[in-house]
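Have the viewer open as you read.

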Amino acid sequence: MTMTLDNPATVPAPFGDRFAHVARLDLPGGTLLVLSGQVGVDDHGVIVEPGDVRAQSNRIFTLIGGLLAAHGATFDDVMHVRTFMTDLGDLAGYAAVRSRYFPHSRPASTTVEVSRLFLDGAVLEVEVTAAVTTS
C-alpha cells in the first residue's frame, strides 16, 4: 500500500499551496482517490459567476474531471460525492448540472447547507472519492 499526495497540472494550484488536491492510495487491485473540496474558480483562483450555482457547478465538475483524469479515473469511478451549499434552495440547479456528469451511475452522496464558504461568492464546494480497479 502506497499513499501519495498530488497537485496535477490539469487544474489550478491549490490556494496558497496549503493542501493537496488529491490523496492517492495504491492498493492491491486498484487505487483509491480522495479529492479535496473544489469550488468554482477560474485558472487565476477567482470565483466564476459569484452566486450562480449552475455556473459554479459546471466549473467544479470540470475541475474534478481534470483531477480524476490525471489519475486514470472518470466520473464512472466516483463512489461518493460530498457537497457543501450555502443555500439548499439552489439544490435543483446543482442537481441539474450534476446529473450530466453521472448519467449512468448514482454515487453515494452527502449534501449539507453551511453558513458560508472560504471564498466570497462561492455557493458550493464539492469533494469526491473514487475507486479505480487495475486490470
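How many residues does helix 1 have, and how far does helix 1 reach from its first C-alpha to its last? Helix 1 has 18 residues and reaches 26 Å, close to the 26 Å expected at 1.5 Å a residue (1.5 Å times one less than the number of residues). Helices here are DSSP runs of H or I with at least four residues, strands are runs of E with at least two, and both are numbered from the N terminus.

A quick note on ground rules: this is a predicted model, where local features need pLDDT of at least 70 and side-chain atom pairs count only at pLDDT 80 or more, while totals for chains, interfaces and linings use all residues. Residues are numbered from 1 along each chain as its sequence is written, and side-chain values use heavy atoms, with hydrogens and water left out.

Back to the helix ends. Asp52 caps the N-terminal end, with a side-chain oxygen 3.0 Å from the backbone nitrogen of Arg54. Just after helix 1, Gly72 takes a positive phi of about 75 degrees.

Buried residues of helix 1 include Phe61, Ile64 and Leu68 (buried means under 20% relative accessible area, with a 1.4 Å probe and protein chains only). Their cover includes strand 3, strand 4 and helix 2.

The largest nonpolar core has 30 residues, and helix 1 gives the most to this core, with seven. Such a core is a set of buried Ala, Val, Leu, Ile, Met, Phe, Trp, Tyr and Cys residues joined through side-chain atoms within 4.5 Å. Leu68 touches Leu33, Phe75 and Ala130, among others (contact means heavy atoms within 4.5 Å).

Definitions and conventions. Buried < 20%, exposed > 50% of the residue type's maximum accessible area, 1.4 Å probe, protein only. Polar contact = N/O pair within 3.5 Å; in protein donor to acceptor, adjacent residues only side chain to side chain. Lists of a residue's contacts leave out its neighbours within four places in sequence.
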